[in-house]
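The following note sets out numbered comments on the model shown below. Each point takes up one region or feature in turn.

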Amino acid sequence: MERSTLAAKPEFGDLEQHRRELTAHCYRMLGSPFEAEDAVQETLLRAWRSLDRFEGRSALRSWLYRIATNVCLDMLEGRERRARPMDLGPAGEPVAENLHTLPEVTWIQPVPDSLVADPADAVASRDTIRLAFVAALQHLPPRQRAVLILCEVLRWKASEVAELLDTSVASVNSALQRARATLEASELTPESSFEEPDRELLERYVQAFERYDMDALTSLIHDDATQSMPPYDLWLSGRDDIFAWWFGPGIGCKGSRVIPVTTANGSPAFGQYKPSETGEGYEPWALQVLELSGGRIGELTFFLDTETIFPLFGLPLRFDG
């Protein structure tokens, strides 16, 4: 944790330059880009109001992380963790009767890379915001979550984390050990990575999906791929079940237009628009987030809350093309 070299009172711009990395930190803690932005705004306001008490004994960046972490811990107090459908139970059969929404469940939400990924360290940034990793973090109690993020993602020393959390080094090391064990059980660590996007594969996917071409899609999707559709708790395991859904209860997606957008959680993302029931234009249906493995698509997440999510990704709520 570097020592501050600021001789004068920081300006608000000195605080603002840390917004992106603080948003990434808060997103990992909270699992929602909207809550992360609220947390960062609260962090910057608290910091601005407290600048007269900032004595420069620690770096400005470290001081901001202390405030942001405490804001997130306050927001998480007494709240159920965010989840993905696969966190809640086994895969279901691809039938409409298995579609259920769970009002008591708060879902992990996608985030545009532009809000959280540092362009100077893009690979590492993307790797620690991917959906599966953020979901795994939500299994940890809030303070363990904070310790693991600070130590394993941000590479802070245990002594620095202990100072930030007002606790002992022994407590930090103990929390880190328990957090690592939980993540290892889910086979997810900050170092486990996925493939860089394959532009040609993604172009073929868009063309095949818009044509609803099963043969072409078969060559692009792993036979053990998974699909989920928050806010429904149903998730599907295996390409056969995914196709049974697409050509069964999900047949209304046939004829959709798929529009590439900036990446979400380090993965390729697309706005999907279904043909309007009126026959005029297309209506928003889902933000598709794809994860690749072994040169094929291994996971498809269809986020259906388009009214909330599409504006975040710069997608219109109607598509006439």
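**Comments on the model**

1. The buried residues of helix 11 pack against helix 12 (214-220), helix 13 (239-246), strand 3 (257-264), strand 4, strand 5 and strand 6 (296-303). Buried here means under 20% relative accessible area, exposed over 50%, and partly exposed in between (1.4 Å probe, protein chains only). The residues of helix 11 that count as buried are Leu 201, Leu 202, Tyr 205, Val 206, Ala 208 and Phe 209. Helix 11 (residues 199-211) has 13 residues, which at 1.5 Å a residue should span 18 Å; its end C-alpha atoms lie 19 Å apart, which agrees. The expected span is 1.5 Å times one less than the number of residues in the helix.

2. As to the basis of these comments, the model is predicted: local features need pLDDT of at least 70, side-chain atom pairs count only at pLDDT 80 or more, and totals for chains, interfaces and linings use all residues. Residues are numbered from 1 along each chain as its sequence is written, and side-chain values use heavy atoms, with hydrogens and water left out.

3. The chain's secondary structure amounts to 14 helices and six strands. Helices (H or I, at least four residues) and strands (E, at least two) are DSSP runs, numbered from the N terminus. Of the 321 residues, 51% count as buried. Among contacts (heavy atoms within 4.5 Å) with a separation of 6 or more, 68% are between residues 24 or more positions apart. The accessible surface comes to about 14,900 Å², and 48% of this belongs to carbon and sulfur atoms; the areas come from the Shrake-Rupley method with a 1.4 Å probe, and for residues only the protein chains shown count as cover.

4. The largest nonpolar core has 66 residues, of which Cys 26, Tyr 27, Met 29, Val 147, Leu 148, Val 161 and Leu 287 touch the most other members. Helix 4 (residues 60-76) gives the most to this core, with 10 residues. Apart from this core lies another, of 29 residues, among them Leu 220, Leu 236, Val 258 and Phe 302. A nonpolar core is a set of buried Ala, Val, Leu, Ile, Met, Phe, Trp, Tyr and Cys residues joined through side-chain atoms within 4.5 Å.

5. Which residues surround Val 147, leaving aside its neighbours within four places in sequence? Val 147 is in contact with Val 161, Leu 165, Val 172, Ala 175 and Leu 176. Gln 144 lies in helix 8 (residues 142-153) and is buried, with a relative accessible area of 12%. With neighbours within four places in sequence again left out, Gln 144 is in contact with Ala 175, Arg 178 and Ala 179.

6. The structure holds 12 aromatic pairs. Rings of Phe, Tyr and Trp (its six-membered ring) pair if their centres lie within 6.5 Å; planes under 30 degrees apart count as stacked, over 60 as edge-to-face and the rest as tilted. Tyr 273 and Phe 319 form a tilted pair, at 5.3 Å centre to centre and 35° between the planes. Tyr 273 lies in strand 4 (residues 267-275) and Phe 319 in the segment after helix 14 (306-312), so this pair ties together parts that are 46 residues apart in sequence. The rings of Tyr 282 and Phe 319 have centres 6.0 Å apart and planes at 50°, so this pair is tilted. Tyr 282 lies in strand 5 (residues 282-293), so its pair with Phe 319 ties together parts that are 37 residues apart in sequence. Tyr 273 and Phe 319 are buried, and Tyr 282 is buried.

7. Ring pairs also link Tyr 205, Phe 209, Tyr 212, Phe 243, Trp 246, Phe 247, Phe 270 and Phe 302 into a cluster. Tyr 212 belongs to the loop between helix 11 and helix 12 and is buried, with a relative accessible area of 6%. Tyr 212 has a positive phi of about 55° although it is not a glycine.

8. Asp 166, in the loop between helix 9 (158-165) and helix 10 (169-185), has a positive phi near 55° and is exposed, with a relative accessible area of 63%. A cis peptide bond joins Pro 230 and Pro 231, with omega about 20°; Pro 231 is in the loop between strand 1 (221-228) and strand 2 (235-237).
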